[in-house]
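Subject: Structure handover

Hi there,

Here is the structure I promised to pass on to you. Please have a look at it first, and then read my notes below.

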Amino acid sequence: MLETRPPGGLAFMKMHGLGNDFVVIDSRGRGAVVTPALARALGDRNRGVGFDQLAEIRDAVGADFALDFWNSDGTQAGACGNATRCVSDFVMRETGRQAVTLVTARGGLAAVRRGDGLVSVNMGPPVLDWREVPLAREVDLLHLPLAGDPVAVGMGNPHAVFFVPDADAVDVAGWGARVEHDPLFPARTNVEFASVVGPDHLRMRVWERGTGITLACGSGACATAVAAHQRRLTGRRMVMDVDGGRLELDWRDDGVWMTGPVAHVFDGWLSPDFVAAAR
Ligand SMILES: N[C@@H](CCC[C@H](N)C(=O)O)C(=O)O
C-alpha cells in the first residue's frame, strides 16, 4: 500500500446523516480550495467520490469554524442541516467539547451533542419574507400560486413544501424537477412532500435543488416542520420519517432545532491528478 502521499492531493472525509451523504474537506489553517469544477468532479459517483453535498470547513472569527456547502451540480447552498450536524460532531470529538458554534452563509449557528448520541443543530429562525426566501414576486407564502398549494419557507435556502395524503405515492422526481425550476423561484428551490401521521409526526420525502432525490434533508425537514405548524397540521415539536430514518424537529423561540444521528464513514485522499484535472 502506498504510505506516502504525493503533493497536490487533497484529504477528505466521507460522512452521512440518515444517508444524506457528504464529502467534507477541512481547509482550516489554509485558504478555501473548493471550486465549482472540483465540486462537480467530486460529486460524480462514477468518476469522483459522490455526495449529496460537499462541505468545506474553514477558519472563522467569533465561532469555532465556518462551513460552505456545494451541491453535486457545482452550485452553492446556503444551508445544509445534516452536514452541519456531521461536521459539528467531528469538531466536538476533536476538541472534547459537547457544543460548538459555526458560521454559514446564513449566519451563526450552534450545535450540541445530546446524551443519547444524537446531534442537534439550531438551524436558526425560518425566513418568512418573500424577498429573502427568495420568491420572484410578492405572494402568500402559506398558499403559493402553484398546483398542489405548497408553502414557501426559507432556512438559509429555499423550500417549497407540499402536503399530500400519501408522500409515498408521490412522483418525487417528476414533481421535484418541475417545481425546482418554476419561475416563482429565482434561485430555484428544494421541494418537500409531506403527509401527516399525527399532530407530532410527519412522513416526508425530498427533492433537493442541485442534487435530486436524497434520503434526508435537514433544512428541508426544518422547513417542513415550520410549514406544518403554520398550516395548523402539527404542533411545534414533531418526529419526521424521511427515507433514511427519523429526525426530531422543534421550532423554538430561538430557531428550528433538528436532531438526528451522524456517521463518519471513512477518510480518503484525492490523487494529485484528480485534483489537477478538476481545477
Ligand atoms: N441536504 C441538505 C440541504 C442541501 C442544500 C440544498 N440542496 C440546496 O441547494 O439548498 C440538508 O441537510 O439541509
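Let me start with Cys-80, which sits in the loop between strand E5 (76-77) and H2. Helices (H or I, at least four residues) and strands (E, at least two) are DSSP runs, numbered from the N terminus.

Before going further, two points on how to read all this. This is a predicted model, in which local features need pLDDT of at least 70 and side-chain atom pairs count only at pLDDT 80 or more, while totals for chains, interfaces and linings use all residues. Residues are numbered from 1 along each chain as its sequence is written.

**The two cysteines**

Cys-80 counts as buried because it has 31 C-beta neighbours inside 10 Å. Leaving out neighbours within four places in sequence, Cys-80 is in contact with Gln-53, Ala-55, Phe-69, Gly-218 and Ser-219. Contact here requires that the C-beta atoms of two residues, placed from the backbone, lie within 7 Å.

Cys-217 is in the loop between strand E13 (212-214) and H4. Cys-217 is buried too, given its 37 C-beta neighbours inside 10 Å. Apart from residues within four places in sequence, Cys-217 contacts Asn-20, Asn-190, Val-206 and Glu-208.

UniProt positions are given in the numbering used here, with shortened feature names, and annotations may be inferred rather than shown by experiment.

**Binding-site positions and the ligand**

The unreviewed UniProt entry also places the feature "binding site" at a list of residues, among them Gln-53, Gly-81, Asn-82, Asn-157, Gly-218 and Ser-219. I looked at two of the listed positions in detail:

- Gln-53 lies in strand E3 (residues 53-58) and is buried, with 25 other C-beta atoms within 10 Å. Not counting residues up to four places away in sequence, Gln-53 touches Phe-22, Phe-69, Trp-70, Asn-71, Ala-77, Cys-80 and Ala-83.
- Gly-81 lies in helix H2 and is buried, with 28 other C-beta atoms within 10 Å. Beyond residues up to four places away in sequence, the residues that Gly-81 touches include Val-121, Met-123, Gly-218, Ser-219 and Cys-222.

Which residues come nearest to the ligand? Of the 19 residues around the ligand, they are Ala-77, Asn-82, Asn-157, Gly-218 and Ser-219. A residue is counted as near if its C-beta atom, placed from the backbone, lies within 6 Å of the molecule. By class, this shell has four nonpolar, twelve polar and three charged residues. Ala, Val, Leu, Ile, Met, Phe, Trp, Tyr, Cys and Pro count as nonpolar, Asp, Glu, Lys and Arg as charged, and the others, Gly among them, as polar. H2 and H4 each supply at least two residues of the shell.

**Domains and core**

The chain is divided into domain 1 (10-123 + 262-278) and domain 2 (151-253), with bounds from an automatic or database domain assignment. Their centres, taken over C-alpha atoms, are separated by 22 Å. The contact takes 21 residues from domain 1 and 19 residues from domain 2. On the domain 1 side, the largest share, four residues, comes from helix H2 (residues 81-95).

The largest nonpolar core has 81 residues, of which Ala-55, Ala-221, Cys-222, Ala-225 and Leu-249 touch the most other members. Such a core is a set of buried Ala, Val, Leu, Ile, Met, Phe, Trp, Tyr and Cys residues joined through C-beta atoms within 7 Å. Helix H4 (residues 218-230) gives the most to this core, with seven residues.

**A contrasting spot**

Pro-165 is in the loop between strand E10 (158-163) and helix H3 (172-180). Pro-165 is exposed, with 8 other C-beta atoms within 10 Å.

Best wishes

Key
A residue is buried if 20 or more other C-beta atoms lie within 10 Å of its own, exposed if 12 or fewer, and partly exposed in between; C-beta atoms are placed from the backbone.
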